[in-house]
Amino acid sequence: MVNFGSGHANAPGIYLTNNNDFYVARRDLVPSNQTGVRLATDAMDALPGFSATYWDPTGCSDAAADVCVYDGGYTTPPYGGWYGWAECVGTISGSDPNRVCSLYRVDFNTRLTPPSYQRLACHELAHTVGLLHSVQFSTCVHTYIDNATSNNLNTHDRNHIAAAY
């Protein structure tokens, strides 16, 4: 089963972040989302061979950013019904299965309350390092985060990330 993939407005498919020194920048997040992103980033930082840093720059245009995280009260379909989403908004290079995105945008919908802010952040950040949805309940990347039983990546997902980076 292919477990990698994320989205881009003009070219859906598989995208990896551009390196294993992963920088997550936040933009004026509400406190609950700040905490979720910090916990999820710390968990990713614990992965062997992978470095994840959460920081608060003055803007997401910083060349070091791999992911910029935003939140807002989204109502426009389909986003109005989603807790969050990840999208490649940067330059795409390479080819399957190793296409790379230079910059991701992650959005959290503040109009909806997820079962866990850490689970939501873990889920969306997992997409930015190439993980697709999973049918396994033991991972934050389960297709429906309401049904996931964990706020973290499981061993299967961690192994995929280790193999890719």
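Predicted model: local features only at pLDDT ≥ 70, side-chain atom pairs only at ≥ 80, totals over all residues.

Reader: Why is A52 called buried?

Author: Buried means under 20% relative accessible area. A52 has 7% relative accessibility, so A52 counts as buried. This residue is placed in strand 3, residues 51-55.

Reader: Which residues is A52 in contact with, leaving aside its neighbours within four places in sequence?

Author: They are F22, T41, M44 and D45. Contact here means heavy atoms within 4.5 Å.

Reader: What makes C88 and C101 a disulfide?

Author: The cut-off for a pair of cysteine sulfur atoms is 2.5 Å. The S to S value for C88 and C101 is 2.2 Å, and a disulfide joins them. C88 belongs to strand 5 (residues 84-88) and C101 to strand 7, 13 residues apart, and the pair links distant parts of the chain. Both cysteines, C88 and C101, are buried. Their link is right-handed, with 100° about the S-S bond.

Reader: How many disulfides does this rule give?

Author: The count comes to two disulfides. The other joins C122 to C140, with S to S at 2.0 Å, which falls within the cut-off of 2.5 Å. C122 is in helix 2 (residues 117-128), whereas C140 is in the loop between helix 2 and helix 3 (155-164); they are 18 residues apart, and the pair links distant parts of the chain. With bonded cysteines counted along the chain, the pattern is 1-2, 3-4.

Reader: Why is the disulfide of C122 and C140 called left-handed?

Author: The torsion about its S-S bond is about -55°, so the disulfide of C122 and C140 is left-handed.

Reader: How do you know whether C122, C140 and C68 are buried or exposed?

Author: The limit for buried is again under 20%. C122 has 6% relative accessibility and therefore counts as buried. C140, at 0%, counts as buried. C68 is buried too, with a relative accessible area of 3%.

Reader: What is the order of the strands in the open sheet?

Author: The open sheet of three strands has the order 1-7-6, with mixed pairing. Strand 1 (16-17) and strand 6 (92-93) each have a single partner strand and stand at the edges, so one side of each is left without a neighbour in the sheet.

Reader: How do you know that strand 6 and strand 7 pair?

Author: Pairing requires at least two bridges. Two bridges join strand 6 to strand 7 (residues 100-101), and these strands run antiparallel. I92 stands opposite C101 in strand 7.

Notes: Residues numbered from 1 in each chain as written. Heavy atoms only, no water. Helix = DSSP H or I, 4+ residues; strand = E, 2+ residues; numbered from the N terminus. Buried < 20%, exposed > 50% of the residue type's maximum accessible area, 1.4 Å probe, protein only.
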